[in-house]
Amino acid sequence: MKISIITVVWNNEKTIKDAIESVLGQTYKDIEYIIIDGASSDGTVEVVKSYGNKISKFLSEPDNGLYDAMNKGIALATGDVVGILNSDDFYIDNGVIERVMKEFEKSQADSVFADLVYVKSDNLNKVVRYYDSSHFTPQRFAYGWMPAHPTFFVRRWVYEKYRLFRTDLKIAADFDILARFLYTHKISYSYMKEVLVKMRLGGVSTSLSSIWINNIEQLRICRQNSIDTNIFKIISKYPSKLVGFVRK
């Protein structure tokens, strides 16, 4: 099977190289690598272009935000499976995609996900949080909890049948799409008990105001998908997140 990996980026010349090289270094051969840039004004475009035809498809133009850019990438994808790797993230080793595709073959599932670790921006070997996806069940969406999205790989037909990312959401569109796929439409999934991705600590949803917006959006998403919840259930996820910091 062919896999399409999509990276979206905007003004991130400092770390985009790590993401690109973690994809290009994969041992799995049939990879379509798509990069969508939001008309960066720093050196991002030059970094991407320096890899030449090693990048399967590259688009640089203004967009309506992160999720609009992801949708553009999915629309260009031709792989049987689609994965999304953020420009601040990178695969933990060169065999990740090989193992993911073997899991698809073995399980015949519609989707595959695993664990990730958060690392310090100035020390990529220093793990500060472990995101354990092993306890996931669709019922846990009611508690604001989902599998680690950067480790989520899904067959392309699922996007085609059940729609792309919502661009009206500021932060929680990844929560929305996983809730729709895994809870509402009940696509099958297989969990891999291993870390696939390293994520630099930080990002769009880490400030206090963003955390609140994320919680409110998750509450709305649950109601729209007939998931029985309330704001107290949604915020109850935070103690379990603290466990991840204690573990490592």
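**Stop one: two helices side by side**

Select Phe175, Asp176 and Ala179 in H6, then Gln218, Ile221 and Cys222 in H7: these residues meet across the two helices, with contact meaning heavy atoms within 4.5 Å. The residues of this contact split into four nonpolar, one polar and one charged. Here Ala, Val, Leu, Ile, Met, Phe, Trp, Tyr, Cys and Pro count as nonpolar, Asp, Glu, Lys and Arg as charged, and the others, Gly among them, as polar.

Before moving on, know that this is a predicted model, where local features need pLDDT of at least 70 and side-chain atom pairs count only at pLDDT 80 or more, while totals for chains, interfaces and linings use all residues. Residues are numbered from 1 along each chain as its sequence is written, and side-chain values use heavy atoms, with hydrogens and water left out.

Now show both helices whole: H6 is residues 173-184 and H7 is residues 208-224. Helices (H or I, at least four residues) and strands (E, at least two) are DSSP runs, numbered from the N terminus. H6 and H7 pack at an angle of about 20°, their axes 10 Å apart. Axes are lines fitted to C-alpha atoms, for helices over the stretch in contact, and angles run from 0 to 180 degrees between N-to-C directions. That angle makes H6 roughly parallel to H7 (under 35 degrees; over 145 is roughly antiparallel, 65 to 115 roughly perpendicular and the rest oblique).

**Stop two: strand E9 and its partners**

Next, select E9, residues 189-200.

Most residues other than glycine have a negative phi. Ala39, though not a glycine, has a positive phi of about 60°. Look for Ala39 in the loop between strand E2 (31-37) and helix H2 (44-49). Arg163 also has a positive phi, near 80°, and sits in the loop between helix H5 (156-162) and H6.

**Last stop: Thr7**

Buried or exposed: which is Thr7, in strand E1 (residues 3-9)? Thr7 is buried, at 0% relative accessibility (buried is under 20% relative accessible area, exposed over 50%, partly exposed in between, with a 1.4 Å probe and protein chains only). Leaving aside neighbours within four places in sequence, Thr7 has contacts including Ile16, Tyr33, Leu85 and Ser87.

Note on methods: Pairing = 2+ DSSP bridges.
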